[in-house]
Amino acid sequence: MDTKMIEVLIKQLEQSSLHELELTLGNDSLHLVKASPAAAPAPVTPAPENTAATPVTPVPDKPQADEGTAVKAPLVGIVYLAPKPGADPYFQVGDHVKKGDVVCIIESMKMMNEIKSTVSGTVKAVKVDNESLVEYDQPLLIVQEDKA
């Protein structure tokens, strides 16, 4: 079972109504479970009207989504932000990356997969921790693209 086959199976599971998939081919086995959708927010009940003149405190705006392009995980696995233990990370926030630069490694099924930047620009945010489990299509970092 190769990485491409796994990627295709993940995409097909995402697009299907199935919640879980288990596959065994010879000595290889794969168990995929679709992430459950986020729970719907509870309905908001309006506060009772207050006739007294009280100052209104503005509600802070939601933090804006990260501006830039997300470099996403193409597969499920453990992410490594440096080429080997004890080495400097591939990048830091504020560094410039070029399209095709390796930004991390994802270990999946005992294979180390180099993940490359899909755009050129400045790294604005790192969305994962080193040696953490990442899901398929999860944002790994945000890159603010270079102006053309």
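Predicted model: local features only at pLDDT ≥ 70, side-chain atom pairs only at ≥ 80, totals over all residues.
Leu18 sits in the loop that runs between H1 and strand S1 (20-25). Its relative accessibility is 46%, so Leu18 counts as partly exposed; the band for that class lies between under 20% for buried and over 50% for exposed.

Leu18 and Val33 are 15 residues apart along the chain, and 8.9 Å separates their C-alpha atoms. Val33 and Lys34 both belong to the group of lining residues that lie nearest the centre of the largest pocket.

## The largest pocket

The space in the largest pocket comes to about 220 Å³. Eleven residues line this pocket, and those nearest its centre are Glu14, Val33, Lys34, Val76 and Glu135. By class, the lining holds seven nonpolar residues, one polar residue and three charged residues.

Two elements, helix H1 (3-15) and strand S2 (28-33), each supply at least two residues of the lining. The pocket lies between domain 1 (1-31) and domain 2 (67-143), because both domains give residues to its lining.

## Nonpolar cores

The largest nonpolar core has 18 residues, and the members that touch the most others are Val103, Ile106, Ile115, Leu140 and Leu141. Strand S6 (102-108) and strand S10 (139-145) are the elements that give two or more residues to this core. Apart from this core lies another, made of six residues, including Leu9, Ile10, Leu13 and Leu30.

Leaving aside neighbours within four places in sequence, Leu140 is in contact with Val71, Lys72, Ala73, Cys104, Ile106, Ile115, Val126, Lys127, Val128 and Val134.

## The chain as a whole

The chain contains one helix and ten strands. Read from the N terminus, the order of elements is α-β-β-β-β-β-β-β-β-β-β.

Of the 148 residues in the chain, 24% are buried. Among contacts between residues at least 6 apart in sequence, 56% join residues at least 24 apart.

How values were computed:
Residues numbered from 1 in each chain as written. Heavy atoms only, no water. 1 Å grid on protein atoms, 1.4 Å probe; cavity = no way out; pocket = protein on both sides within 12 Å on 5 of 7 lines; lining within 4 Å. Points joined across faces, edges and corners; volume = space filled by probe spheres on them. Helix = DSSP H or I, 4+ residues; strand = E, 2+ residues; numbered from the N terminus. Nonpolar A, V, L, I, M, F, W, Y, C, P; charged D, E, K, R; others polar. Domains from an automatic or database assignment. Core = buried A, V, L, I, M, F, W, Y, C linked by side-chain atoms within 4.5 Å. Buried < 20%, exposed > 50% of the residue type's maximum accessible area, 1.4 Å probe, protein only. Contact = heavy atoms within 4.5 Å.
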